[in-house]
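Here is a short note on charged side-chain pairs. Please read it with the model open.

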Amino acid sequence: MTLQERIDADLKDAMRAKDAGRLGVLRMLKSALKYAAIEKSSEDQLDDAAASQVIRKQIKQRQDSIESFEKGGRPELAAKEKEELEILNAYLPKGLSADELAALVRETIAEAGATSKVQMGAVMKALQAKVAGRADGKTLSQEVSRQLG
């Protein structure tokens with residue numbers, strides 16, 4: 001079952017269960033996936049990698065909203081965004097732990113033969129291929145920078 005098929009099935013389940021919160025998030029996600037498919041000129045569905053990218057973009061938007069709402073003193077809106085974030089996170093592969101990430105970065109730095117931050121771009125390129133969406137770019141960048149520092 002592809003990621004989009006799973007989202008469609010969960011959307012139908014949410015309709016049957018009359019779960020309005022989950023239903024709203026899944027409809028928004030389905031719409032975002034459809035727009036991404038149209039942008040890529042593929043009439044049908046996106047592959048799982050592209051769908052995961054769309055989900056990550058939606059998650060990033062929620063994280064930014066949570067931060068803004070908390071700074072603005074709107075905890076009730078931040079709580080709503082956190083609930084949506086939980087639903088979206090369920091559709092991504094399990095993230096890397098800090099230890100796994102540090103080990104992967106160490107291994108990639110050794111493979112690339114990098115010794116300074118000047119070579120950070122080469123390390124990041126190789127690392128992003130290995131990580132395949134299980135960690136965000138900001139976290140990767142911080143870890144690479146820390147280890148090359």
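1. Start in helix α3, residues 48–71. Lysine 60 and aspartate 64 both sit there, four residues apart, about one turn of the helix. Their side chains form a salt bridge, 3.0 Å from N to O. Note that this is a predicted model.

2. How accessible is this pair? Lysine 60 is partly exposed at 46% relative accessibility. Aspartate 64 is also partly exposed, with a relative accessible area of 34%.

3. Next, helix α1, residues 3–17. It holds arginine 16 and aspartate 13, three residues apart, about one turn of the helix. The two side chains meet in a salt bridge at 3.1 Å, N to O. Arginine 16 has a relative accessible area of 61%, so it counts as exposed, the cut-off being over 50%. Aspartate 13, at 41%, is partly exposed.

4. Then helix α7, residues 137–148. Glutamate 143 and arginine 146 are three residues apart in this helix, so about one helical turn separates them. Their side chains meet in a salt bridge, with N to O at 2.5 Å.

5. Is glutamate 143 buried or exposed? Its relative accessibility is 12%, so glutamate 143 counts as buried, which means under 20%. Arginine 146 counts as exposed, at 56% relative accessibility.

6. Arg62, Lys80, Glu81 and Glu84 are linked in a network of salt bridges.

7. For the overall count, a search of the whole structure finds twelve salt bridges. Those discussed above include lysine 60 with aspartate 64 and arginine 16 with aspartate 13.

Technical notes:
Residues numbered from 1 in each chain as written. Predicted model: local features only at pLDDT ≥ 70, side-chain atom pairs only at ≥ 80, totals over all residues. Heavy atoms only, no water. Salt bridge = Lys/Arg side-chain N within 4 Å of Asp/Glu carboxyl O. Helix = DSSP H or I, 4+ residues; strand = E, 2+ residues; numbered from the N terminus. Buried < 20%, exposed > 50% of the residue type's maximum accessible area, 1.4 Å probe, protein only.
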